[in-house]
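Morning, everyone. Please look at the sequence and the model on the screen. I'll talk about charged side chains.

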Amino acid sequence: MGVPRAPGLPVLPDRRRLRPAPRVGAGPSAILPNGKVLAGYQGGPQTYIYDPATNTWSFAANKRYNDKSDEETWIKLTDGSVLSYDVNASDSHAQRYVPSTNTWVDAGLVPVSLSSSAVGS
């Protein structure tokens, strides 16, 4: 069975080569200042860039804390970077994707727990 995808959308590149390409599905995404789309992988730390002008995918940097992007929301900040926080992690570190350098950097500690158990389900 192939990887489901929208008509006309190319298959994601695969770093693992022996398995089907990862699915973006429930992973987060954000439109970058240059119009490209940063997409997270729900099963691991991989991130990808989709270029709608060329209809192609390319690899972006892996997330700094090696966490998967499942059930995350990404927020684009005014400087063009993208903020991410893993609510399933035991620590409270946030990270930012910086498009100009294709890197994920530390964004400091989140001052309060943002997990559903902390804020009420």
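Start with Asp 67: at 8% relative accessibility, Asp 67 counts as buried. Buried means under 20% relative accessible area, exposed over 50%, and partly exposed in between, using a 1.4 Å probe and protein chains only. Salt bridges that share partners join Asp 67, Lys 63 and Glu 72 into one network. A salt bridge is a side-chain nitrogen of Lys or Arg within 4 Å of a carboxyl oxygen of Asp or Glu.

A word on the source. This is a predicted model, where local features need pLDDT of at least 70, side-chain atom pairs count only at pLDDT 80 or more, and totals for chains, interfaces and linings use all residues. Residues are numbered from 1 along each chain as its sequence is written, and side-chain values use heavy atoms, with hydrogens and water left out.

Lys 63 meets Asp 67 at 2.9 Å, N to O. Lys 63 also meets Glu 72, at 2.8 Å, N to O. Is Lys 63 buried or exposed? Lys 63 is buried, at 3% relative accessible area. Glu 72 is buried too.

How many salt bridges does the structure hold? Four. One of them pairs Asp 51 with Lys 36, at 3.9 Å, N to O. Asp 51 sits in strand β3 (residues 47-51) and Lys 36 in the loop between β1 (29-31) and β2 (37-40), so this pair ties together parts 15 residues apart in sequence. Strands are DSSP runs (E, at least two residues), numbered from the N terminus. Asp 51 is buried, at 16% relative accessibility. Lys 36, at 29%, is partly exposed.

Definitions and conventions. Helix = DSSP H or I, 4+ residues; strand = E, 2+ residues; numbered from the N terminus.
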